[in-house]
Structure formats: C-alpha cells, structure tokens
Amino acid sequence: MLIEHPLLGPCDAQEFVYKGDACLIDRPDGMAEGAEAAFYEHVYPRDNPAGLHRELWFHEQGDRSWLVVTRNTRTHEIVKVELARDFARARGRGR
Amino acid sequence: MRYSGFRVLKEALTGHKGWQPVWRDPEPQAEYDFVIVGGGGHGLATAYYLAKEFRQSRIAVLEKGWIGGGNVGRNTTIIRSNYLLEGNQPFYEFSLKLWEGLEQDFNYNAMVSQRGILNLFHSDAQRDAYIRRGNAMILHGADAELLSPAQVRRAYPFLDFDNARFPIKGGLAQRRGGTVRHDAVAWGYARGADRRGVDILQNCEVTGFRIAQGRCLGVETSRGFIGAGKVGVAVAGYSSHVMAMAGLRLPIESHVLQAFVSEGLKPVLPGVITFGAGHFYCSQSDKGGLVFGGDIDGYNSYAQRGNLPVIEDVVEGGMALFPGLGRARLLRMWGGVMDMSMDGSPIIDRTDIDGLYFNGGWCYGGFKATPASGWCFAHLLATDAPHATAVAYRFDRFRRGAMIDEKGVGAQPNLH
Ligand SMILES: Cc1cc2nc3c(=O)[nH]c(=O)nc-3n(C[C@H](O)[C@H](O)[C@H](O)COP(=O)(O)OP(=O)(O)OC[C@H]3O[C@@H](n4cnc5c(N)ncnc54)[C@H](O)[C@@H]3O)c2cc1C
C-alpha cells in the first residue's frame, strides 16, 4: 500500500506503524465527572466498519508525523490522507 | 447413512453409486426456537450440540455463502491447549478433549491427528516463561513437556540450531496437540446437525434483526424474515458488522490473516513447530504441503486477501528457523478476516437485548476452540447460564478491568 503523505508525497505503508481508529484522538478528560465510563468507551469498543475507516498511521521510519488516513477496509483503497494535527485542530483541539 | 469400513468396501465394489448428499437443502421455515447466524465451525458445532447434548429442536443455521467458506476452511488447522491463564486454559483443554472423541461422536473422518506441537525458545528468559506456561498447563490437567536442544534435534534435525541471533535452546512440547482437516470439521458438524433435524440454510444472509421492546424476535434475511425464540450470532470476522445491525458496538477489530502452502513434499515435518523469536509456525499436511503462517497484516481489513510485506516477514521468519524451506515452492496463499478482540480472548455471552446471544472475538486461534465453543454456546442458549469453562468470556470484563490478556499487550487488537 502507498500512503500519499501530505508533506512527503507517496510513501510505502511499511514505513508506518498502524495505531488504529482515529477516534483515539478524542481522548476523554481523566478529571471530568464520569471519566471511568468515558475511558471504557475510548479504549475498548470500536465501530470497526466494513467500508470507509478513518485511522491513525505513525510515520515511524520517516518524518515521525501522525496521519489520519481514510481507507476502505473492503478494498484497501485510500481515499484521503491528512496530518493528524490538522484533523485534531479541526475538531477543536488547541494543540 | 452411517460411515464405516464395511460401507466403503461395499461402495467400492458397486461403483460408488450409493453415496448421497450428507445434508438437506431445506426451505426456511417461518420460525425456529433457535436461529444460529453463521455457518462456520462455531455456528455448526453450536447447532450440533444444541440438538445432541441439550436435546433442543427447531434449530436453523443461517449462512450467507456456503458452509465452510469462512475461516473454518481457511485456517492452518492447528489444535492445542497450551494457554497460561486461568480463564483460558480449562476452556481450551475441554476443547482438546472433545477433539479427541469427535470423530467417533459425529461419525465423520475429520483426520484429527495428534502429532504434537512444539514451541521453540531461543533465550533463557523465554525458557523460563515457557516453563511457567508448561506448569500452568499441567496444573489444569493438560500435558506439557520441556525438551532439551538434543531432544528437539532428534525430531527436527534440519532446523537452524546454531543461528547466531536465535539459537534453539529447547522447546515446550504438547504431544496431544496437532492438526485436523479443517473443512471436514464443518462438514462433520453439518451432517451431524442435519441428521438431528437442524435446517442448514445456505445463501441466507442476515441483513437485520427485528427487535421490539428490548427483545429480539427474529432476523431479516436475504430469504425473508425468520422468527426466532433465541438468536445466536457466530460470524467470526463479521462480528462487528452483524452486531451493529442490532445497535451494538463490540470491543473487536477485524484484521486479515494470511496462510501459505508449499508444493507437496515427502514427509519432513512430523509435527507442528513454532518459532519463538519471530512469528512463524509450520506443519505438513497429509498431502505433503508445508502449511505455514505468521502475523496478521496489522490494519483493519474485511478484504479476504493480504499484502506482500507480511508475506516477506513470514518467509523471513521461516528461513531463519528452517532454511530448507527456501527450496520449496509456494503453491498457494490466501487470507481470512479475523475478529481480533481487545485482549485477545473470546466472548460467549448474552447481550443487553433479550434473546440475542453472541459468540466471537476468537482472533486467530478459534479453530482449536470449535468443539468447546459450540458446546459452551449451546449451553448458554439452552440454559441461559454460562458453561463452567466459559464463565470468564463475558462482555463486561473490559468494563470491570478483568481482561484475559495472554500476551500482556493491553488494548491493542492488532498485537494479539
Ligand atoms: C489464515 C488463518 C489461519 C488460522 N489458523 C488457525 C490455527 O492454526 N488454529 C486455530 O485454532 N485457529 C486458526 N485460525 C482462526 C480460526 O480459523 C477462526 O477463529 C475460526 O474459524 C472462527 O470461527 P468460525 O469457524 O465459526 O468462522 P467462519 O468459518 O468464518 O464462520 C463465520 C461464518 O459466518 C458467515 N456470515 C458472516 N456474516 C453473515 C451474515 N450477515 N449472515 C449469515 N452468515 C454470515 C460467514 O460467511 C462465515 O461462513 C486461523 C484463521 C485464518 C484466517
């Protein structure tokens, strides 16, 4: 698989480490009310769709950036690649 | 029709005209007491034991394709009960005991071959961990034996014992482990279930659940609505997909695992061997092919095919352990979709919806579990109580922090 890195162009997926569903970006606040239940939801259940899936890939053997890749789990076709930083900011994260 | 030596002889002398299809192809009825979704090993075994051991009737197995087309016919056929943890070992030992009597029980030749499995170790720390696991197995009534390098060498003289990085320092053997002809398991259970009146409905895909007031009334299928007293779902890699139709989100990801088989060779490998320093395991089929595999591809996938980097990784592991492998040509390879749970252990439990039960999260080790999984799921469906060996396989263990994490890697389904 080739991942179209937003900064580096096409890279072999082998240079990356797969880190799972991009929902992991939305880490709950450990100090908030109901944190235990929120962390259960964060850590264990997954949508695991047969179709488009947004997922984290870490460019460990490259520029060490984190990407959010939108990929079809039925065909392995990649339809979108973003920097995880941009993705998180668009969801209202400050850093 | 019962199978026997006499029967084979008689058919041989009369031109094999007397063999008949071994299960019916019935039309779906409007309603059953038990509807099992998924005609893999686990679904068929569940139906078989429901009918045979728990004396239930009006049972159907719904399969979207043909039975045995899923992982039950795609795995590398290894059976064993060499687990470490309390929640797992009694269950897998129960399964191995059922394998030992299975062919007599369902009167079908599944080629159960207890040729032994040998987990090789390559460092002192790994030896200590394997000794601990062997002791845990023995405490649970299974068999385990520590082999010295000399003993390993006697059985497998061609392995790379003095490899500079991963010398073979011995192995943990389970002599009762081995291999089974995988699709014969599906056929044997299907035939046994059919003979006890179970309807096996192929080309019958479940497309939804009919749920009213928190109760599951039946399933929508490509062959129309089928009402059910109880619905048991055992769809392996499609677990999340199917249970999402009932509004449930599971602690499971689907990943693809590949398997490989070489051209047929004369007998070289007497048992099953596993490499302890990389992910590679190998056995030789009765047709002579070397059957081997390794890691999952590592990212969510519902495609029943893998990619090249994992092939390279598996073959590298194979060459490090077993250099002669390089002389054999690869004949075929394929992939199956695995239901990787967050702690690497399965779930056999009811759901929050009355009448809807779930069996899944088998990762890449569910073939060996087939008989016990079927038995325990049938027990749960028939009695509404978990079987004694499956009490730990509950949905709520993740919420309670009571994970059964053999590998100790945490909530990383692609590492189990
Ligand atoms: C390459 C590979 C190697 C493996 N090696 C081993 C091994 O050596 N030892 C071991 O113990 N385990 C091994 N496994 C794991 C083992 O094969 C599985 O854990 C086990 O087979 C899963 O249970 P099953 O047989 O019921 O699954 P399956 O045979 O996959 O059955 C599930 C069935 O559900 C059907 N289904 C899905 N959705 C629907 C729907 N909506 N409606 C109706 N039906 C549906 C599917 O078509 C399928 O037939 C391996 C797996 C693979 C892929």
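**Charges, core and loops in a predicted model**

Mentor: Let's start with E93(B), K97(B), E100(B), D143(B) and R176(B), which salt bridges link into a network. This is a predicted model, where local features need pLDDT of at least 70 and side-chain atom pairs count only at pLDDT 80 or more, while totals for chains, interfaces and linings use all residues. Residues are numbered from 1 along each chain as its sequence is written, chains are lettered from A and ligands numbered from 1 in the order in which they are written, and side-chain values use heavy atoms, without hydrogens and water.

Trainee: What makes the contact of E100(B) and R176(B) a salt bridge?

Mentor: The term asks for a side-chain nitrogen of Lys or Arg within 4 Å of a carboxyl oxygen of Asp or Glu. Here N and O are 2.9 Å apart, so the pair qualifies. The two partners lie 76 residues apart in the chain, E100(B) in helix α3 (residues 89–106) and R176(B) in the loop between β6 (170–174) and β7 (178–179) of chain B. Helices (H or I, at least four residues) and strands (E, at least two) are DSSP runs, numbered from the N terminus.

Trainee: Why is R176(B) called buried?

Mentor: Buried means under 20% relative accessible area, exposed means over 50%, and partly exposed is in between (1.4 Å probe, protein chains only). R176(B) has 18%, so the word buried applies.

Trainee: Which other residue forms a salt bridge with R176(B)?

Mentor: D143(B) does, with the closest N and O atoms 3.0 Å apart. D143(B) sits in the loop between α4 (124–139) and β5 (145–147) of chain B, 33 residues away from R176(B).

Trainee: And how do you know that E145(B) and R175(B) form a salt bridge?

Mentor: Their closest N and O atoms are 2.9 Å apart, which means they pass the distance limit. This pair also links distant parts of the chain, 30 residues apart: E145(B) is in strand β5, R175(B) in the loop between β6 and β7 of chain B. E145(B) has a relative accessible area of 30% and is partly exposed; R175(B), at 47%, is partly exposed too. Over all chains, the structure holds 30 salt bridges.

Trainee: Which residues gather in a patch of positive charge?

Mentor: They are R2(B), R55(B), R195(B) and R196(B). R2(B) is in the segment before α1 (5–13) of chain B and, at 52%, is exposed. R55(B) lies in the loop between α2 and β2 of chain B; with 72% it is over the limit, so it is called exposed. Phi of R55(B) is near 50 degrees, a positive value in a residue other than glycine.

Trainee: Which residues touch the most other members of the largest nonpolar core?

Mentor: Of its 52 residues, these are Y49(B), F91(B), W99(B), Y189(B) and I348(B). Among the elements that give two or more residues are β1 (31–37), α2 (41–52) and α6 (182–195) of chain B, while α3(B) gives the most, with 8 residues. Such a core is a set of buried Ala, Val, Leu, Ile, Met, Phe, Trp, Tyr and Cys residues joined through side-chain atoms within 4.5 Å.

Trainee: How many helices and strands are there in chain A?

Mentor: Chain A has 2 helices and 6 strands, in the order β-β-β-α-β-β-β-α from the N terminus on. Of its 95 residues, 43% are buried.

Methods
Patches are made of residues with over 30% relative accessible area and no salt bridge: like charges are joined within 9 Å, nonpolar side chains (Val, Leu, Ile, Met, Phe, Trp, Tyr) within 5 Å. Accessible areas come from the Shrake-Rupley method with a 1.4 Å probe; for residues, only the protein chains shown count as cover. Lys and Arg count as positive and Asp and Glu as negative; His and the chain ends are not counted. The place of a charge is taken as NZ of Lys, CZ of Arg, CG of Asp or CD of Glu.
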